[in-house]
Amino acid sequence: MSKFRILYVASEINPFLETSAVADFVRKLPQAMQERGMEIRILVPRFGLINERKNRLHEVVRLSGINISVGDEEKPLVIKVASIPNAKLQVYFIDNEDYFHRKSVFVDKENNFYADNDERAIFFCKGVLETVKKLGWAPDIVHCNDWMTSLIPMYLKTTYKNDPIFQNTKSIFTIYNNAFSHQFDADLLDKVKMMDIDDSMLENLKSADFAGFIKTGAEYADAVIRAEEEGHEGLNDLVTEIEKLKKVDTIEKDDNFLDSYYNLYNELVG
């Protein structure tokens, strides 16, 4: 089996932040793959709950300073980095003062979903790809986890498909039980658009909700995984809908868990 490069993208990772099953998964799997000889990078948002001093985050000046467009606005991208204790893994954090300096993740103190979570996701997805370009590190696989990363498979198949860094990259999208009921504003599609993306490619996103993001991630990914966790009825229905168009795998958390992912990665890279 050849050694190759895997980029993990997620909304959270232990020990920096844990609000759902995503954090634990993205902590364990990359280390296991690194121990099998894979070269690993991990990118997550720098949500305001992450204590920079305690976790020893510091800015990577050579990677910062890009402006990311979200609709008509351009926002500066700041990249920070920290090491996971007791593991030879570094985590890169996507940061921006407007989007990520709140002391909560997706909802405010009154439990209201932030109306600009769509923009935060768009900024994050674009920021990830631009950061990897600036690193000059060509991933064989980008493993995207949860709705916040769902635009990356589409951007890889459109805007970035001819970029030398990404021209051979395959993507995996993992679906988690982190649904929300909020519906975003009608300008979502305009904000998501980039070069080589027209309205017909955004059909699934027209619902401007959780299902729209999940369907978009699944549509453009080279492999779709459903995280093994208890799903509510709505998520089960959504996965059933996706399965009509695309195979959705579930990888059981058993003794063969790591082997299953290792084999999947090797299959995809060919």
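This is a predicted model: local features need pLDDT of at least 70, side-chain atom pairs count only at pLDDT 80 or more; totals for chains, interfaces and linings use all residues.

Me: At roughly what angle do the axes of helix 7 and helix 8 cross?
Reply: Two packed helices are described by the distance between their axes and the angle between them. Helix 7 passes helix 8 in a right-handed crossing. The two axes come within 11 Å, and they cross at roughly 35°.

Me: What is the N to O distance in the salt bridge of Glu-241 and Lys-215?
Reply: Glu-241 lies in helix 8 (residues 233-243) and Lys-215 in helix 7 (residues 210-220), so the pair, 26 residues apart, links distant parts of the chain. Glu-241 is partly exposed, with a relative accessible area of 39%. The side chains of Glu-241 and Lys-215 meet with an N to O distance of 2.8 Å.

Me: Is Lys-75 buried or exposed?
Reply: Lys-75 meets Glu-73 in a salt bridge of 3.3 Å, N to O. Glu-73 is partly exposed, at 44% relative accessible area. Buried means under 20%; because the relative accessibility of Lys-75 is 9%, Lys-75 counts as buried.

Me: How many residues apart are Glu-39 and Arg-5?
Reply: Glu-39 forms a salt bridge with Arg-5, and their closest N and O atoms are 3.5 Å apart. Both residues are partly exposed, Glu-39 at 33% relative accessibility and Arg-5 at 27%. Glu-39 belongs to strand 2 (residues 39-45) and Arg-5 to strand 1 (residues 5-9), and the pair links distant parts of the chain, with a separation of 34 residues.

Me: Which residues are linked with Arg-46 in a network of salt bridges?
Reply: Side chains of opposite charge can pair when their charged atoms come close. In this network, Arg-46 is linked with Glu-52, Lys-80 and Asp-95.

Me: How many salt bridges does the count come to?
Reply: The rule requires a side-chain nitrogen of Lys or Arg within 4 Å of a carboxyl oxygen of Asp or Glu. The pair of Glu-39 and Arg-5, at 3.5 Å, is one of those that form a salt bridge. By this rule, the count of salt bridges comes to 20.

Note on methods. Residues are numbered from 1 along each chain as its sequence is written. Side-chain values use heavy atoms; hydrogens and water are left out. Helices (H or I, at least four residues) and strands (E, at least two) are DSSP runs, numbered from the N terminus. Buried means under 20% relative accessible area, exposed over 50%, partly exposed in between (1.4 Å probe, protein chains only). Axes are lines fitted to C-alpha atoms, for helices over the stretch in contact, and angles run from 0 to 180 degrees between N-to-C directions. A crossing is left-handed if the near helix is turned anticlockwise from the far one by less than a right angle, and right-handed if clockwise.
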